[in-house]
Each structure stands twice: as structure tokens, then as C-alpha cells.
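Have the model open as you read.

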Amino acid sequence: MVREVSESCVDSLLTEMVACYCNRFYANKPELAARRIEAIGYQVGHQLSERYTMERPRFTDHLEAIKFICKDFWSELFKKQIDNLKTNHRGTFVLQDNKFRWLARMSVDPSTDNSAEDSTSPTAENKAAQAMSMHLYFPCGIIRGALSNLGIPCAVSADISNLPACSFVVRIKA
């Protein structure tokens, strides 16, 4: 029996989790909120990876595990594969999703800006980028948790310079 969760429920859960950690629990400590959100993502990725690889033999190298994340794992999460995978062959991989679902429907509430500036000001853009980056700690944690479960310790960061595309940079620790 395949169990699935509605996409809108996952979107709402992610939005509420980020809002709670950023605005209530750690309102004055965004770096701590980011670590907590990433840690939750890590647990989710670790458990999902365990579930999705239960019937598979262990991966023999890093590239094989990264390809699994790009194809099978991403397909289970987002119903599509990663659009582009790049590597420098020295432990750094860039996974690019040209239309990352969790950012596609995001908007920033202009009423949260207390300044008298218009919405195109650098301050408003800065706040929008910061809000989006807080939402990316969760998928970074998912990727890190999944790879950790596969025996690959790594650091994961996200780049949203070309929205709606999102690139996840995976740096494998030696």
C-alpha cells in the first residue's frame, strides 16, 4: 500500500514550521531557527532515505548515491527528477531544479515591512530573499539526511539567484 500526503498539506506544514521557528520560537535568533529547521529536514531525509533504499543494495560510490538522490529520491518527493547535475569530480555536486515546487507558490507579505519604502526597495528584496532562504534550510536538511543515511557525510547549501530555479550545492566531507 502506497501512502502519500497531499502536496498542499506539505506546503502548509513547511510554511507554518518556518513561521513558527522564525517568528515565535527564535524570533531574535535567525541562525538558531535555521539550524532547527535544517535539523528537522535532516531527520525527514534520513528516514525517507531509509524507506526508499530498503530493497536496494548499498551504493558503491558517491556518484551512484548522488544519482539516486537526483532520480529516484527527488521523484518520490517532487514527482520529477532533478533537471541538472554538475560535479567538479572532487566531492562537490550541484543539483539544479529549474522549477523548485516549494518556492513556486511563495509570496512575501508586504505588510510585514515597517518602512515607508516601496516594495521594490533593496530592503524589501532583502527580506524576501531572507524569507525564501529560511524555507530552503528544510530541503537542504532533507538532502543532507538522505546522504548521511547512505554513508556520505556532507554539507548542503542552496542558491536561489535564478528564481524559480534552485540549486543545491553538496560538498562531501573527506
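Is Phe-68 buried or exposed? Phe-68 is buried, with a relative accessible area of 3%. Keep in mind that this is a predicted model.

## Aromatic pairs

There are eight aromatic pairs in the structure. Take Phe-59 and Phe-68: their ring centres sit 5.2 Å apart with the planes at 40°, so this pair counts as tilted. Phe-59 is buried as well, at a relative accessible area of 18%, where the cut-off for buried is under 20%.

Phe-59 and Phe-68 belong to one aromatic cluster together with Tyr-52 and Phe-73.

## A link across the sequence

Now for Phe-100 and Phe-168. With ring centres 5.4 Å apart and planes at 75°, the pair is edge-to-face. Phe-100 lies in the loop between β2 (92–97) and α4 (101–104), while Phe-168 is in strand β4 (residues 166–172), so the pair ties together parts 68 residues apart in sequence.

Both partners are tucked away from solvent: Phe-100 is buried with a relative accessible area of 0%, and Phe-168 is buried, also with 0%.

## Helix α2

Helix α2 (residues 30–52) runs for 23 residues. From its first C-alpha to its last, α2 reaches 32 Å, close to the 33 Å expected at 1.5 Å a residue.

Which residues of α2 are buried? They are Leu-32, Ala-33, Ala-34, Ile-37, Glu-38, Gly-41, Tyr-42, Gly-45, Leu-48 and Ser-49. As a reminder, an α-helix has 3.6 residues a turn, so residues three or four places apart point the same way.

Conventions: Residues numbered from 1 in each chain as written. Predicted model: local features only at pLDDT ≥ 70, side-chain atom pairs only at ≥ 80, totals over all residues. Heavy atoms only, no water. Phe/Tyr/Trp six-rings, centres within 6.5 Å; stacked < 30°, edge-to-face > 60°. Buried < 20%, exposed > 50% of the residue type's maximum accessible area, 1.4 Å probe, protein only. Helix = DSSP H or I, 4+ residues; strand = E, 2+ residues; numbered from the N terminus. Expected span 1.5 Å × (residues − 1).
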